[in-house]
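Work through the exercises below with the sequence and the model at hand. Each task is followed by its solution in steps.

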There are 2 protein chains.
Amino acid sequence: MPQQRSEETRERLLSAAERLFASQGYDATGVNHICAAARISKGAFYHHFPTKLALFQALLENWLGQLDAQLESALTAGMNPRSALLAMAAGMQPVFDAAGSRTRIILEFWIQSGRQPDLWQTAVAPYHRYLERFAALFATTDSSSQTTSPPDAQAQARILLALALGFLLQSFFDPTGAAWSELSVQSIQIMMDGLERKTS
Amino acid sequence: MPQQRSEETRERLLSAAERLFASQGYDATGVNHICAAARISKGAFYHHFPTKLALFQALLENWLGQLDAQLESALTAGMNPRSALLAMAAGMQPVFDAAGSRTRIILEFWIQSGRQPDLWQTAVAPYHRYLERFAALFATTDSSSQTTSPPDAQAQARILLALALGFLLQSFFDPTGAAWSELSVQSIQIMMDGLERKTS
């Protein structure tokens, strides 16, 4: 089954790269190291990924894909935005558990990208994607009853992203300091309560 | 006036180091580079700072000192915690304006510290200091009227820190994307409204 073998090769490359990026850093890890650690030939590497950057992007998409799937399934199940966001946050514990090494890899990538303009768009693309996604979600909530002016949908999305990014960073500083997923759920409830109070 | 000269030397070293850390990174910048850029002798450097790490800590304390002073003066003026936090957030625009290069320096330091256990305590000390500071602030708010159980003071402090860290990161991704200081103020208002709703 060549299709299955190929998939297996890809997975082995991704998991070897994740281990090496976490222990040595993105910059210090070469395609050679990844191939050696995964016991895969360089030819096979380049069959799957044109560059190390492409592999990194695939890794990032894997991680974020889990979050996206949770949000989509909650929305597809007909949940309102508040419930869908709470369901997403409640399912984030695995993300927080892996956050130590992954957060370090992502932070390192952001920093290097800041010095290489050609990487920067890749580095910030997921941020802009989530910003649009959440803004669209908030825009669907009924605002006809507004009496005061709450922040607009994009500002609400930025507040939500601040909470998400802020908890990820804190789970990196202090992995066992709090039940991060539970705290994310609580903070979204508080934010939504505060927003409703503004609009009621 | 040797006292004044000495202060001037210290400031020149700090500002040269900040420039170099931002452009080349913390790791790639040596004491030699800092001395050359500041046109200060190595002897004078070590008179002020025993190590490059000590200089970095002084830089960090300078940046955070501005925030601390704002919070302290608001509290000393007899403001309640809500108003003091809002005043602090309102004064954060200069922090956001400088965030681009400073955030990069701090992120890089965190990442390297994660690989060097002896640096890690230094790297996370400001986080734990703010956590205690804000938890103490929230603990002073009256909770006698609680009907449901809101998050405790430490959890509230972590939510506040999530917002602060999350907005700092976003201002790094997207410096001109929003009025970050204004958005911080709005988000704290929303959070406090949400918490009051929980306790009323």
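**Exercise 1.** Against which helices of chain B do the buried residues of α1(B) pack?

*Solution.* The model is predicted: local features need pLDDT of at least 70, side-chain atom pairs count only at pLDDT 80 or more, and totals for chains, interfaces and linings use all residues. Residues are numbered from 1 along each chain as its sequence is written, while chains are lettered from A and ligands numbered from 1 in the order in which they are written.

Step 1. Locate the helix. Helices are DSSP runs (H or I, at least four residues), numbered from the N terminus. Helix α1 of chain B covers residues 2-24, 23 residues in total. Its first and last C-alpha are 32 Å apart, close to the 33 Å expected at 1.5 Å a residue; the expected span is 1.5 Å times one less than the number of residues. B:Gly25, with a positive phi near 100°, follows α1(B).

Step 2. Select the buried residues, those with 20 or more other C-beta atoms within 10 Å of their own, the C-beta atoms being placed from the backbone. In α1(B) they are B:Leu13, B:Ala16, B:Ala17, B:Glu18, B:Leu20, B:Phe21 and B:Ala22.

Step 3. Find their partners, counting two residues as in contact if their C-beta atoms, placed from the backbone, lie within 7 Å. The partners are α2 (31-38), α3 (42-48), α4 (52-76) and α6 of chain B.

**Exercise 2.** Describe the side of chain B that touches chain A.

*Solution.* Step 1. Count: 33 residues of chain B and 33 residues of chain A take part in the contact.

Step 1. Assign them to helices. On chain B, α6 (93-115), α7 (117-139), α8 (153-173) and α9 (180-199) each supply at least two residues. α8(B) gives the largest share, 13 residues.

Step 2. Sort by class, with Ala, Val, Leu, Ile, Met, Phe, Trp, Tyr, Cys and Pro as nonpolar, Asp, Glu, Lys and Arg as charged, and the others, Gly among them, as polar. This side of chain B has 21 nonpolar, six polar and six charged residues.

**Exercise 3.** What rotation superposes chain B on chain A?

*Solution.* Step 1. Superpose by least squares on the C-alpha atoms of residues with pLDDT of at least 70 in both copies. The rotation is 180°, with 0.0 Å of shift along its axis and an RMSD of 0.0 Å.

Step 1. In chain B, the C-alpha of B:Gly194 is nearest the axis, 1.9 Å from it.

Step 2. Compare the surfaces: 100% of the contact residues of chain B recur in chain A, so the same surface serves both copies.

Methods
Buried ≥ 20, exposed ≤ 12 C-beta atoms within 10 Å, placed from the backbone.
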